[in-house]
Amino acid sequence: MSHDHDHSHDHGDHGHPHRHPFQPDHDDTLTYYRKLEIAVRELLIGKNIITADEVRKAVEDIDSRSPEGGARVVARAWTDAAFKRALLEDGTAACASMGFDMALNDARLTVVENTPDVHNMVVCTLCSCYPRMLLGIPPAWYKSRAYRSRSVREPRAVLREFGLELAEHVSVRVHDSTADLRYLVLPLRPAGTEHMSEAELVKIVSRDSMIGTAIVRAP
């Protein structure tokens, strides 16, 4: 991964420090795809197919999403066996029952469960497909070419750079998102949290654990 150094910091909302590879800021570049998005958007508005106000509301809706949505889904699955079965069988429908309508973005959701022997990790090798309805805006490193390419070639090395060292017997499965199929990792519930309520569990589930670059630890 193209970076000079790792650094540690605390996300604040989840309470556990994580090591993230350094990533440069890509938002200050008017790339081909950004020009294409602007051109298509202005064309659709000019032809009265959509309005600027509809675009603004859609952007505000996405901006309002945060990893707390996904954390609520995970905590519900940890505390409700019937919901967990439904979630693993049909993630789209199960999340819709909690008010997260993945179909609004014409996307289906598949939830993959971590076990003591299997660790799942999510990537989008083509661009930055991501369950925004549940996790909000993807982090810069998720969109980087280095993460997208290396995650499928050497996932253990990438996880190690995030500070996650898995035992050799644990299989790593990498799931490649597409425009119409998104993935969410259902992390292992940490030991020692049996006494915690669903609301308390929400607070310990991090964004990265739902991407698969971290695990959830008991507070």
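Let me start with one definition: two strands count as paired if DSSP finds at least two bridges between them. Keep that in mind, everyone, as we go through this predicted model.

With that in hand, take strands E4 and E5. They run parallel and are joined by six bridges. Within that pairing, Val 123 stands opposite Asp 176 in E5. Now, what about the burial of E4? Six of its six residues are buried, so E4 is largely enclosed by the rest of the structure. You can check that on both sides of the strand: Val 118, Asn 120 and Val 122 point one way, His 119, Met 121 and Val 123 point the other, and all are buried.

Strand E6, residues 181-186, gives us another example. Six of six residues are buried here, so E6 too is largely enclosed by the rest of the structure. On one side sit Leu 181, Tyr 183 and Val 185, on the other Arg 182, Leu 184 and Leu 186, and these are all buried. Notice that an arginine is on that list. Which strand does E6 pair with? That is E3, residues 108-113, in the parallel sense and over six bridges. If you want a landmark, find Thr 110, whose bridge partner in E6 is Tyr 183.

Let me step back for the overall picture. The protein chain has 11 helices and six strands. Of its 219 residues, 42% are buried. Looking at contacts with a separation of 6 or more, 66% are between residues 24 or more positions apart. The accessible surface is about 11800 Å², and carbon and sulfur atoms account for 53% of that.

Next, the core. The largest nonpolar core has 48 residues, and those touching the most other members are Val 73, Leu 87, Leu 134, Tyr 142, Tyr 147, Leu 184 and Ile 211. Which helix gives the most to this core? It is H3, residues 67-79, with six residues.

On to the aromatics, where the structure holds seven pairs. One of them is Tyr 32 with Tyr 33, edge-to-face, at 5.1 Å centre to centre and 80° between the planes. Are those two tyrosines buried or exposed? Tyr 32 is exposed, at a relative accessible area of 58%, and Tyr 33 is exposed at 64%.

Compare Trp 141 and Phe 162, another edge-to-face pair, with 4.7 Å centre to centre and 65° between the planes. This pair links distant parts of the chain, 21 residues apart: Trp 141 is in helix H7, while Phe 162 is in the loop between H9 and E5. Trp 141 and Phe 162 are both buried. They also belong to one aromatic cluster together with Tyr 130, Tyr 142 and Tyr 147.

Tyr 147 brings me to my last stop, helix H8, residues 145-153, whose buried residues are Ala 146, Tyr 147, Arg 148, Arg 150 and Ser 151. What do they pack against? The answer is E4, H7, H9, E5 and helix H11. And that takes us back to E4 and E5, the parallel pair we started with. Thanks, everyone!

Key. Residues are numbered from 1 along each chain as its sequence is written. This is a predicted model: local features need pLDDT of at least 70, side-chain atom pairs count only at pLDDT 80 or more; totals for chains, interfaces and linings use all residues. Side-chain values use heavy atoms; hydrogens and water are left out. Buried means under 20% relative accessible area, exposed over 50%, partly exposed in between (1.4 Å probe, protein chains only). Helices (H or I, at least four residues) and strands (E, at least two) are DSSP runs, numbered from the N terminus. Rings of Phe, Tyr and Trp (its six-membered ring) pair if their centres lie within 6.5 Å; planes under 30 degrees apart count as stacked, over 60 as edge-to-face and the rest as tilted. A nonpolar core is a set of buried Ala, Val, Leu, Ile, Met, Phe, Trp, Tyr and Cys residues joined through side-chain atoms within 4.5 Å. Contact means heavy atoms within 4.5 Å. Accessible areas come from the Shrake-Rupley method with a 1.4 Å probe; for residues, only the protein chains shown count as cover.
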